[in-house]
Amino acid sequence: MNTMLRKSVLGIAGLAFTGGVFAGPIAAHADARPVEGKPVAVAVQGAQSKIDLNDEQLANAKAIIAATKKAGLPERAAVISIATSLQESKLENLGHLGDANDHDSLGLFQQRPSSGWGTPEQITNPEYSTLAFLKGLKQVDGWQDMPLTEAAQTVQVSAYPDAYAQWEQQAADIVAHHWNS
């Protein structure tokens, strides 16, 4: 994608997201409906990373899956969300990290209050932060069919745009194991 088109897409997605933030969490659920999903086919890109999950990380992954279902989105959205959280926080609901913090980034997705993602309390709520991420994802045309790292990067606007791909297999495995449980 050329730079001008990419900036336009990111700008439109940002405006759409900001409008959604001001509409409030209730609006995010207004169109929620169950989605019949087909199994997630994973065509991973590049070398894959994997970490062992503790009980808290697994609970956060399950919270992401539950929020994805609540939003009425398919398994692919949960895979993208979990892979994004694995990259951003290793599925840990991070508070302020002092000098090691990246600006004012918080929570599972390292979202920033100063960028309009919500209050610190909201961003550190796994359901809220997932729904905020998913709201941004839904604004990305064709997210269902694009490479995971491209979909995640369009929402997150990370300094490391290719880093999300390394978590796709683990995220797909987590979703496959817990989607119907």
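In the predicted model, a side-chain oxygen of Asn 54 comes to within 3.0 Å of the backbone nitrogen of Glu 56 at the start of helix α3. Beyond the helix follows Gly 72, which has a positive phi, near 75°.

The buried residues of α3 are Gln 57, Asn 60, Ala 61, Ile 64, Ile 65, Ala 67 and Thr 68. Because these residues cover an arc of only 165° around the axis, they lie on the same side of α3. In an α-helix there are 3.6 residues a turn, so residues three or four places apart point the same way. The cover over the buried residues of α3 includes α4 (75-89), α6 (126-138) and α8 (168-178).

One of these covering helices, α6, also has a capped N-terminal end: a side-chain oxygen of Asn 125 lies 2.9 Å from the backbone nitrogen of Glu 127. At 1.5 Å a residue, the 13 residues of α6 should span 18 Å, and this agrees with the 18 Å between its end C-alpha atoms. Of these 13 residues, 11 are buried, so α6 is largely enclosed by the rest of the structure. The buried residues are Pro 126, Tyr 128, Ser 129, Thr 130, Leu 131, Ala 132, Phe 133, Leu 134, Lys 135, Gly 136 and Leu 137. Glu 127 has a relative accessibility of 32% and therefore counts as partly exposed.

Side chains of opposite charge can pair when their charged atoms come close. The structure holds 2 salt bridges. In one of them, Lys 70 pairs with Glu 127, with 2.5 Å between the closest N and O atoms. This pair links distant parts of the chain, since Lys 70 belongs to helix α3 and Glu 127 to helix α6, 57 residues apart. Lys 70, with a relative accessibility of 40%, counts as partly exposed, and Glu 127, at 32%, is likewise classed as partly exposed.

A salt bridge is also formed between Glu 168 and Arg 76, whose closest N and O atoms are 2.8 Å apart. Here too the pair links distant parts of the chain: Glu 168 is in helix α8 and Arg 76 in helix α4, at a separation of 92 residues. Both Glu 168 and Arg 76 are buried, whereas Lys 70 is partly exposed at 40% relative accessibility.

Helix α7, which runs from residue 148 to residue 156, is mostly covered, with 8 of its 9 residues buried. The buried positions are Leu 148, Thr 149, Ala 151, Ala 152, Gln 153, Thr 154, Val 155 and Gln 156. Val 157 follows α7 and has a positive phi, near 55°.

When residues up to four places away in sequence are not counted, Ser 105 touches Gly 95, Gln 110, Gln 111 and Arg 112.

Definitions and conventions. Residues are numbered from 1 along each chain as its sequence is written. This is a predicted model: local features need pLDDT of at least 70, side-chain atom pairs count only at pLDDT 80 or more; totals for chains, interfaces and linings use all residues. Side-chain values use heavy atoms; hydrogens and water are left out. Buried means under 20% relative accessible area, exposed over 50%, partly exposed in between (1.4 Å probe, protein chains only). Helices (H or I, at least four residues) and strands (E, at least two) are DSSP runs, numbered from the N terminus. The arc is that of the directions from the helix axis to the C-beta atoms. Contact means heavy atoms within 4.5 Å. A polar contact is a pair of N or O atoms within 3.5 Å; within protein, one must be able to donate a hydrogen and the other to accept it, and residues adjacent in sequence count only if both atoms are side-chain atoms. A salt bridge is a side-chain nitrogen of Lys or Arg within 4 Å of a carboxyl oxygen of Asp or Glu. The expected span of a helix is 1.5 Å times one less than its number of residues.
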